[in-house]
Amino acid sequence: MTETVFVGMSGGVDSSVSALLLKNQGYKVKGVYMKNWSRNLPGMKCPWAEDLADAKRVAVKLGIDFEVWDFEKEYHDKVVKYMLDEFKKGNTPNPDIMCNQEIKFKLFYETAMEKGADFIATGHYARVKDGKLLRPVDEKKDQTYFLYRISEEALSHTIFPVGEMLKNDVKKLAEKNGLHNAYKKESMGVCFVGEVGMKDFLKEYIETEPGEIREIETEKVVGHHDGAVFYTIGQRHGLYISGNAGEVNSGLPYYVVKKDLANNIVYVSRNLNDTNIWAGEIRLKDIFIRNTVPKNIQVRLRHLNELIPAELDGDTVKFAQKVKRPASGQSIVFYDGEICLGGGIIV
Amino acid sequence: MIYLDHAAATPVSKKVFEAMEPYFSHEFFNPSAAYLPAKKVSAEYEAAKGVIAHAIGAKSHDLVITAGATEANNLAFSFLNKEPVFSSSGLEKSEMSYAGQPAEPSPSETNLSVSSGIYIPDFSNHFIIQKIQVLYLSTEHDSVRKVAEKYGGAAIDVDRNGRILLDDLKAKITDDTRLISVALVNNELGTIQPLSEIAAIIRKVRLDRLSRGVKTPLYLHSDASQAMNLLNVNVARLGVDLLTLNAAKIYGPKGVGALYVSHEVKLKPLNYGGGQEMGLRSGTENVPGVMGFAKAVEEVTKHLNGNRKKYALWRKILLDELQGYELVNKKHTLDNFVVLCYNGIDAERLIFLLEDRGVYLSTGAACAASKGVKSHVLKAIGLSDSEIAGSLRITLGETNTEEQIHEAAKLINEAVKIERRRR
């Protein structure tokens, strides 16, 4: 009997080619556009209607069924709210990871299964083998960092058709098959806000007050900020700080090292040895592990960063050499070679 | 390419383009400037306005040139009271349940429309009534609907063909009604409305108000954007006080429209500045745009009779050669509009299939299709959700040939077959 696959189609080239590949492999394919967000933001027109039309156009071309599933409420409750709450706590959350955990590989997965799917598929660059999440063939496109929290159950019913391919070949295949979105610009950063747009996005939802920027060592006020939530620990850019007379431009930049949200103060430092910037060990919470974890693992501190050897000791990741610490709320993801084991959220 | 979406946009014809060209380059002067070359441009601009006005039986100074029909429609409403007019009501919230609404309306239901006004809960335990100043046809374009709702409006119902129900209009007119807005031709169906009959009703209401000493004026506005291709539009014969025109639908440039204003109506400007267009539409005149508009009007009126015959024939060819459809706009329609319903099929899929084969057309209004919002027009004429989803709009125009019409019918039939087979 032909097996049924529900493909999450975003209108982009990767999910379009995924649908194409599955159809050619003989599956009964249904395309689904997940409508998670449709609001325009200042300076950013939400492209959902165009994306939806692009996805549907491909589905029609392939002659497959196509549906729109409206997840806006759930996306707001599970992803947007989580994100805002974390920012309000002073953390820098990663909404993509939450979106995969709660929406794409939970709600979408469960709904598809209820509607008779044998598998779900997405256009992510990753592979699944024997219930394990593996890094994709195209290392430059590796998206396992964002997928580390998806459940074993969902994973065992997931196909990542482009995981075995190089992005370039995906594009070529799209072109060869007349899929117009071969040339579409890739969406960047957070699912619905560009990286640049995060501050504008937060401004829409979180009320902020201007406050002081202080040097952590001296408590001296060195500048002012327009809202502490907008600052990320470890951040160097975007600080409105001018060197004081007498020490005009010591040449050293300031880094955000601490945020006191109760008093609306952002602390900065020029000391790169501050443990909030460089750390030998990092404590995690909400650790999620799919497989058994060996003593010596490799970790990724950010999406597409190099894999660094480390040791997982309880809830703490220990490094042989100090690493530049990501902001709290971000994830550290564990690997054993090509296997993505899981990960945790930085405290 | 076979373009079947002329109600969405028309190409600027060669003659129109040539008429505009000099005013982009060597005749670029600001009509308000003092020197002779500018005065010449000013005179030519007024003459062009005169051509447009003449075509609808009006004078140049009766027209306000705008940046398109949406702006003209907005301007037409500007004489109304900007702040919603309220009359307070002694009704307790709990008494509201007679209208079948919960005593505590949810935010989306705050505007609770009843025949005499719109009930809005105020800060105390009472409701206030927003007076209904405007009556508009339920099938109006958003550039009328959305504005009417802002000023306090109620919709007039239509029949299965999209024609106004005159009895419903009569029943909804109260002493608060100041404006009735009914498009001469509907943009999704091509339905032609009996404006002179509406005008007759309005005349009676005016006389009645006069006899009772009620001073509230009552005017008739019509958006005639889609009409001029096939209809003789004359303000006196239609009995309108305000009429919207649109260059972009008659092979003129986009972003140019006009509002005819009878001397009775005292409009207020939407924007302020140099006082152009009798102070009603400040901003340097769009000289090339108006030159193109005038040429487009001239051309379209010249070919009216020939076009009517041509489109009637093409419509017949389509209806004969297409298969397995239900015709939506059966009566009282412009012949260049053919609205088809393929029940059980997702018409948007047909559009993508046809796009691949070089045929361009739309479902309902173009803007509705792209946002996943169901057409309020098709809903208003009583189509079910699945009938709405299966509806295609073909609008014929000057880019077409008879050969194309046959070809289009063949390609649409094929696309429908592909979709039916897939089911």
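**Stop one: a valine and its surroundings**

Select Val235(B): setting aside neighbours within four places in sequence, it is in contact with Ile56(B), Gly57(B), Ala58(B), Val240(B), Leu243(B) and Tyr260(B). Contact here is when two residues have C-beta atoms, placed from the backbone, within 7 Å. Before going on, note that this is a predicted model, where local features need pLDDT of at least 70, side-chain atom pairs count only at pLDDT 80 or more, and totals for chains, interfaces and linings use all residues. Residues are numbered from 1 along each chain as its sequence is written, while chains are lettered from A and ligands numbered from 1 in the order in which they are written.

Val235(B) sits in helix α7 (residues 235-238) of chain B. Helices are DSSP runs of H or I with at least four residues, strands are runs of E with at least two, and both are numbered from the N terminus. Is Val235(B) buried or exposed? Val235(B) is buried, with 21 other C-beta atoms within 10 Å; the cut-offs are 20 or more for buried, 12 or fewer for exposed and partly exposed in between, with C-beta atoms placed from the backbone. Now draw a distance to Ser282(B): the two C-alpha atoms are 25 Å apart, across 47 residues of chain.

**Stop two: a helix pair**

Next, pick α10(B) and α14 (residues 402-422) of chain B, whose axes come within 9 Å and cross at roughly 125°. Axes are lines fitted to C-alpha atoms, for helices over the stretch in contact, and angles run from 0 to 180 degrees between N-to-C directions. That makes α10(B) oblique to α14(B), oblique being what is left after under 35 degrees (roughly parallel), over 145 (roughly antiparallel) and 65 to 115 (roughly perpendicular). Show side chains for Arg349(B), Leu350(B), Leu353(B) and Leu354(B) on α10(B), and on α14(B) for Leu411(B), Ile412(B), Ala415(B), Val416(B), Ile418(B) and Glu419(B): these make the contact.

**Stop three: where the chains meet**

Select both chains; their contact takes 9 residues from chain B and 9 residues from chain A. On the side of chain B that touches chain A, α10 (347-356) and α11 (366-371) each supply at least two residues. α10(B) gives the most, with 5 residues.

**Last stop: chain A**

Finally, color chain A by secondary structure to find 8 helices and 17 strands. Its C-alpha trace spans about 75 × 45 × 35 Å along the principal axes, and 42% of the 347 residues of chain A count as buried.
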